[in-house]
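Biologist: I would like a close look at one part of this protein. Please take me through its pockets, one step at a time.

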Amino acid sequence: MPKRESEEGELVLLASPIGNDLDLSPRARKELEEADLIAAEDTRRFWDLCRREKIRPKGRVVSYFDQVEKEKAGKIVEEVLEGRRAVLISDAGTPVINDPGYVVVNEAIERGARVTACPGPCAAICALILSGFRADRFCYEGFIARKEGERREEFKRLKDEERTAIFYESARRLQESLKEMEEELGPERRICIARELTKDHEEVVRTTLGEAAKLEGMIGEIAVVVEGRPKKDGDAGDFVEEAEERARKGERLKDAVKEIAKREAVSSHELYRLVLEKREK
Ligand code: SAM
């Protein structure tokens, strides 16, 4: 059911396209046209989007970027508390996710102003679902640190991390980061490099860290997805019951084992052996 219209003011965190204007949702368009106030990370880019998409905002447009967040957040929240509808839009994607918004959201929460999201594109989520890696549990790590020491620490932490991890990285630093990642996590760890998502030159490379070193020409905007640490063979034992249950329901044991092993990143050989072992008992 659509959200009810309200007379009260509201702060709307609005996601915008990350490369393909067609991803601007009908609701986003409506919010932009009807808002009393639009806080845009870069007003020039905002007006470019309006021109391309023939959006005619009726409200005031002000700039709102990281360096002025503290100074401007209070004023925006005041307007919301006075009953106005304010939209926050970043240059591309979802506000707050490595984009301005954190300060104003918290100011609004603290002062009791209503906040809502107009959801849409986010490069991290887009890269995650395209990676083919597990997405039931994942961690978003933002931009890879620029200082080598911090970067190495980040990568070391991934050694035992079972969740899929998502990073943003600049094309210029990609090679070096991948090389260090390989040194910390080994050449077998699988990664996905998602470049220029939703744009004409979208490219998704699914490979290992060892192979990634050979990649060339990765230019443009990039998100990197790192598969979680594969479970140890011993962990295959956790899925014996499930494999048995599926076999009882009529699925071929081999198929069930294969699917579970792939999904859980455990050894199919070990899982199969454990099921047979249990049957013999
Ligand atoms: N808030 C944005 C979001 O929701 O995706 C992220 C903003 S962050 C400042 C910009 C970074 O996101 C880029 O440097 C790049 O790493 C990643 N990114 C943005 N658009 C992308 C795209 N089309 N394809 C791949 N990565 C992208």
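Biologist: Which residues lie nearest the centre of the second largest pocket, and how many residues line it?

Modeller: A word first: this is a predicted model. The second largest pocket is lined by 24 residues. Nearest its centre lie Arg134, Glu227, Lys262, Arg263 and Ala265. Its volume is about 570 Å³.

Next, the elements behind that lining. β8, β9 (203-208) and α10 (253-264) each supply at least two residues to the second largest pocket. Helix α10 gives the largest share, five residues. Sorted by class, the lining has 14 charged, five polar and five nonpolar residues.

Now the domains. The assignment for the protein chain gives domain 1 (10-118), domain 2 (123-226) and domain 3 (236-280). Both domain 2 and domain 3 give residues to the lining of the second largest pocket, so this pocket lies between them. The C-alpha centres of domain 2 and domain 3 are 31 Å apart.

Four elements each supply at least two residues of its lining: α2 (43-53), β7 (164-170), β8 (190-195) and β10 (221-226). Here α2 provides the largest share, five residues. The classes in this lining are 18 nonpolar, eight polar and 14 charged residues.

Where does the largest pocket sit? Domain 1 and domain 2 both contribute to its lining, so the largest pocket lies between those two domains. Domain 2 gives residues to the largest pocket along with domain 1, and to the second largest pocket along with domain 3.

One last stop is a helix pair. Two packed helices are described by the angle between their axes and the distance between the axes. Helix α6 (residues 148-158) and helix α7 (residues 171-185) pack at an angle of about 45°, and their axes are 9 Å apart. The two helices are therefore oblique to each other. The crossing of α6 and α7 is right-handed.

Methods:
Residues numbered from 1 in each chain as written. Predicted model: local features only at pLDDT ≥ 70, side-chain atom pairs only at ≥ 80, totals over all residues. Heavy atoms only, no water. Nonpolar A, V, L, I, M, F, W, Y, C, P; charged D, E, K, R; others polar. Domains from an automatic or database assignment. 1 Å grid on protein atoms, 1.4 Å probe; cavity = no way out; pocket = protein on both sides within 12 Å on 5 of 7 lines; lining within 4 Å. Points joined across faces, edges and corners; volume = space filled by probe spheres on them. Axes fitted to C-alpha atoms, helices over the stretch in contact; angles between N-to-C directions. Parallel < 35°, antiparallel > 145°, perpendicular 65-115°, else oblique. Left-handed = near helix turned anticlockwise from the far one by under 90°.
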